[in-house]
Amino acid sequence: MELRQLRYLVAVVDEGGFTRAAARLHLAQPGLSSQIRQLEKELGQPLLDRSGRSVTPTEVGRAVLPYARAALAAADAVRQTVDEHTGLLRGRVTLGLVSGATGHAFDVAAFLADFHASHPALEITLTEDTSERMQAALLAGEIDIALLGPTAEEPPPGLSYRTVIDAPLGAAVAPGDPLLGPAGRTAVPLAELRDRPLICLPRGTGVRASLERGCARAGFRPRVAFEAASPQVLVQLAARGLGVAVLPLGEEGSGIGAGLRALRIEGVGLRARIVLARPATGPTSPAARALLDRLDDALPDVSESAGVGPGSPV
């Protein structure tokens with residue numbers, strides 16, 4: 001009996017068939033089938049039922065699986081222990097990042113380059129998606145840690161948040177827009193946006209969720225005329241007079257660019273946050289724990305973060 005045979009058995013059960021398991025293991029299917037049959041021959045009992053559409057464990061297979069998983073976990077623990085003693089961290093870690101999540105407040109490329117230099121044997125994957133889909137991926141174990149804009153006021157069960165950026169929502173408008181009167185105005189009540197065409201990030205982002213919650217409290221639905229995943233595109237559309245761009249602002253409402261003026265939107269809970277999200281029980285792998293520790297050191301506490309302009313919390 002070999003560890004790789006146990007790994008193959010677990011993969012076939014987890015994937016429900018040889019084809020998907022072979023793809024996951026980067027093996028040819030005939031070779032995978034042959035190894036499983038050798039294991040069954042050595043044990044003297046069939047471990048898999050191949051008669052249905054999907055491959056399932058037999059009664060003996062179900063009894064064997066916990067021990068197979070424990071053996072594989074023990075082997076991984078041996079490798080990790082040796083790596084820790086030699087200062088070598090191996091494995092794979094995946095970081096999720098909402099598009100434009102940190103802007104100028106955090107240089108993701110520089111951070112990952114430094115982390116890779118410290119752990120050259122570690123495989124690092126960076127993936128971008130909406131906050132909503134990344135929350136689901138965290139819960140499914142598809143990514144380890146994420147920087148995202150929460151779409152609800154409280155984290156879903158199973159996740160833990162640490163807020164690293166908290167900025168007010170603002171309305172960015174072209175010069176001469178009626179919202180800018182009277183002179184010297186720095187804020188606009190949310191109700192004044194009721195009938196205005198709005199330019200916003202798509203659903204599944206923290207900014208859009210915050211806007212929609214605020215409008216619901218005010219008794220109306222936002223009239224979103226244009227949406228785009230890039231905050232800079234929102235700015236460009238607003239600069240052409242196509243609507244009011246809803247964006248996170250600096251605490252003084254600056255940093256929009258493109259000749260636009262920014263007004264803070266007055267309303268309960270109209271904030272854009274970026275959180276460092278992870279499983280509530282913490283990362284399970286040493287690689288993910290190492291990345292989380294480094295992120296905790298690199299990212300500011302919310303009390304230290306002033307809001308930033310486009311390209312920031314989404």
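Which residue in β10 is the bridge partner of I199? Here are my notes, with the answer in point 2.

1. First, some ground rules. This is a predicted model, where local features need pLDDT of at least 70, side-chain atom pairs count only at pLDDT 80 or more, and totals for chains, interfaces and linings use all residues. Residues are numbered from 1 along each chain as its sequence is written, and side-chain values use heavy atoms, with hydrogens and water left out.

2. The bridge partner of I199 in β10 is A245. Strand β8 (residues 198-200) runs parallel to β10, with 2 bridges between them. On the antiparallel side of the story, β6 (residues 159-173) pairs with β10 over 4 bridges, and L169 has P248 as its bridge partner there. Pairing here takes at least two bridges found by DSSP; strands are DSSP runs of E, at least two residues, and helices are runs of H or I, at least four residues, numbered from the N terminus.

3. Is β10 buried or exposed? Strand β10 (residues 244-248) has 5 of its 5 residues buried, so the rest of the structure largely encloses it. Buried means under 20% relative accessible area, exposed over 50%, and partly exposed in between (1.4 Å probe, protein chains only). In a regular strand, side chains alternate between the two faces of the sheet. Both faces of β10 are covered, with V244, V246 and P248 buried on one side and A245 and L247 buried on the other.

4. T94 sits in strand β3 and is buried, at 12% relative accessible area. Beyond its neighbours within four places in sequence, T94 has contacts (heavy atoms within 4.5 Å) that include T125, T127 and E142. T19, by contrast, belongs to helix α2 and counts as exposed because its relative accessibility is 53%.

5. Last, have a look at the lining of the largest pocket. Its biggest share, 8 residues, comes from α4.
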